[in-house]
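User: I am new to this structure and would like a close look at one part of it. Could you walk me through a single helix and its surroundings?

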Amino acid sequence: MSLFSWIKNIFAASPENPSTNLANPDSWLFEALGGGMSDSGVMVSKRSAMQASAVFRCVSILAGVVASLPFGVYRDVDGEKCAAPEHPAHPLLHDAPNEVMTAFTFLELLMSSLLLDGNGYSVILRAGSGHPVEFLPVMPERCEVFKTT
């Protein structure tokens, strides 16, 4: 569904429309909540998709494999990629991005968000010096993407 069609559907159907009720909501409500109609006519959301063992396992495997890859900060030195363990973000990305997560768990969560939502976000908390001190994951549905010029 194109963006224009989606916007048109939002204005064409609304909660005030008598044909839309909570027992049988129109597709615009499912799409607004992160789901949509499948070819079979069944409404599918991220939550319902993850209840299918195949989807759950695919997301689990892909997120786990990506999270297990070596991760850190690198710098370009004469066209060569070299590790930069002295960078303030390196221990956050390599060991623990915050007090409650390991680097593996953090990357697994970001990859799962990428697979299920199309994006993975985190907030970078910085010290007074501007150096990063903590990465906190943010759910993609709580973010709004916009382009600045």
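Analyst: Happy to! Let's take helix 6 and begin with its inward-facing side: Ala-103, Phe-106, Leu-107, Leu-110, Met-111, Ser-112 and Ser-113 are its buried residues. Please keep in mind that this is a predicted model.

These buried residues have several partners, as they pack against helix 4 (53-68), helix 5, strand 5 (121-126) and strand 6 (132-138).

To place the helix in the whole, the protein has six helices and six strands. Read from the N terminus, the elements follow the order α-α-β-β-α-α-β-β-α-α-β-β. Buried residues account for 21% of the 149 residues in the protein.

Now for the helix itself. Helix 6 is built from 15 residues, and the distance from its first C-alpha to its last is 21 Å, close to the 21 Å expected at 1.5 Å a residue. Just after helix 6 comes Gly-118, which has a positive phi of about 95°.

In soluble globular proteins, nonpolar side chains tend to be buried together. Here, the largest nonpolar core consists of eleven residues: Ala-67, Val-73, Ala-84, Ala-89, Leu-92, Leu-93, Met-101, Phe-106, Leu-107, Leu-110 and Phe-135. At least two residues of this core come from helix 5 (90-94), and at least two from helix 6 (103-117). Helix 6 gives the largest share, with three residues.

Two packed helices are described by the angle between their axes and the distance between the axes. For helix 4 and helix 6, the angle is about 135° and the axes lie 8 Å apart. An angle over 145 degrees would count as roughly antiparallel, and 65 to 115 as roughly perpendicular; helix 4 and helix 6 are therefore oblique to each other. Their crossing is right-handed.

Which residues meet where these two helices pack? On the helix 4 side they are Val-59, Leu-62, Ala-63, Gly-64, Val-66, Ala-67 and Ser-68, while helix 6 brings Phe-104, Leu-107, Glu-108, Met-111, Ser-112, Leu-115 and Leu-116.

Notes
Residues are numbered from 1 along each chain as its sequence is written. This is a predicted model: local features need pLDDT of at least 70, side-chain atom pairs count only at pLDDT 80 or more; totals for chains, interfaces and linings use all residues. Side-chain values use heavy atoms; hydrogens and water are left out. A nonpolar core is a set of buried Ala, Val, Leu, Ile, Met, Phe, Trp, Tyr and Cys residues joined through side-chain atoms within 4.5 Å. Buried means under 20% relative accessible area, exposed over 50%, partly exposed in between (1.4 Å probe, protein chains only). Helices (H or I, at least four residues) and strands (E, at least two) are DSSP runs, numbered from the N terminus. The expected span of a helix is 1.5 Å times one less than its number of residues. Contact means heavy atoms within 4.5 Å. Axes are lines fitted to C-alpha atoms, for helices over the stretch in contact, and angles run from 0 to 180 degrees between N-to-C directions. Angles under 35 degrees count as roughly parallel, over 145 as roughly antiparallel, 65 to 115 as roughly perpendicular and the rest as oblique. A crossing is left-handed if the near helix is turned anticlockwise from the far one by less than a right angle, and right-handed if clockwise.
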